[in-house]
Amino acid sequence: MKNEVDSTRLWAGGAATAAVAALVAVVGILTARGLAHVAVLAPRGEGAWGGANTVTYAVSAAVVAVAATGLLHVLLLTAPRPLLFFGWIMALLTAIAIVLPLSLYVDWGSKVATALINLAIGFAIIVTLLNVGKAAQRETDRDHSDDSTQQFYP
């Protein structure tokens, strides 16, 4: 069996993932500002929505999801274990997105809230795109008569 990629399914799932990531960002910001009264990305005086910064954060989350879909597509076409590599790459990028705000010189509440929002966005992107990647792979028949590795890798 050989895997082929259903690009339409992959990119439709990527678009849906972008919408989910944007909404996770909005929910995270509304929770931090509206319920916990923690300033995230903007001064506390801007209210729960925080003006254009909330939109920018949500759009950025969607762009990251689309870029992750592109990475997944390349890995599905070229890598020997694409979902494994994708998971590792995205987990490490999410770790960077978590650690980065913790290194800033702002109050701890803002640091932790931003890190948690980034964790939630990264988690949503990873989980949904791993499943999208699985669903986008199609198995096709291939002749294994010359394949000397078949005895080890069925």
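A residue is called buried here when its relative accessible area is under 20%, exposed when that value is over 50%, and partly exposed in between, as judged with a 1.4 Å probe and protein chains only. By that criterion, 36% of the 154 residues of the chain count as buried. The model is predicted, so that local features need pLDDT of at least 70 and side-chain atom pairs count only at pLDDT 80 or more, while totals for chains, interfaces and linings use all residues. Residues are numbered from 1 along each chain as its sequence is written, and side-chain values use heavy atoms, with hydrogens and water left out.

With helices (H or I, at least four residues) and strands (E, at least two) taken as DSSP runs numbered from the N terminus, the chain has four helices and two strands, which follow one another along the sequence as β-α-α-α-α-β. Where contact means heavy atoms within 4.5 Å, 70% of the contacts with a separation of 6 or more join residues 24 or more positions apart.

The unreviewed UniProt entry places the feature "transmembrane region" at residues 12-35, 55-76, 83-106 and 112-132, although such annotations may be inferred rather than shown by experiment. In the model, residues 83-106 are 83% helix and 0% strand, with end C-alpha atoms 36 Å apart, whereas residues 112-132 are 100% helix and 0% strand, with end C-alpha atoms 30 Å apart.
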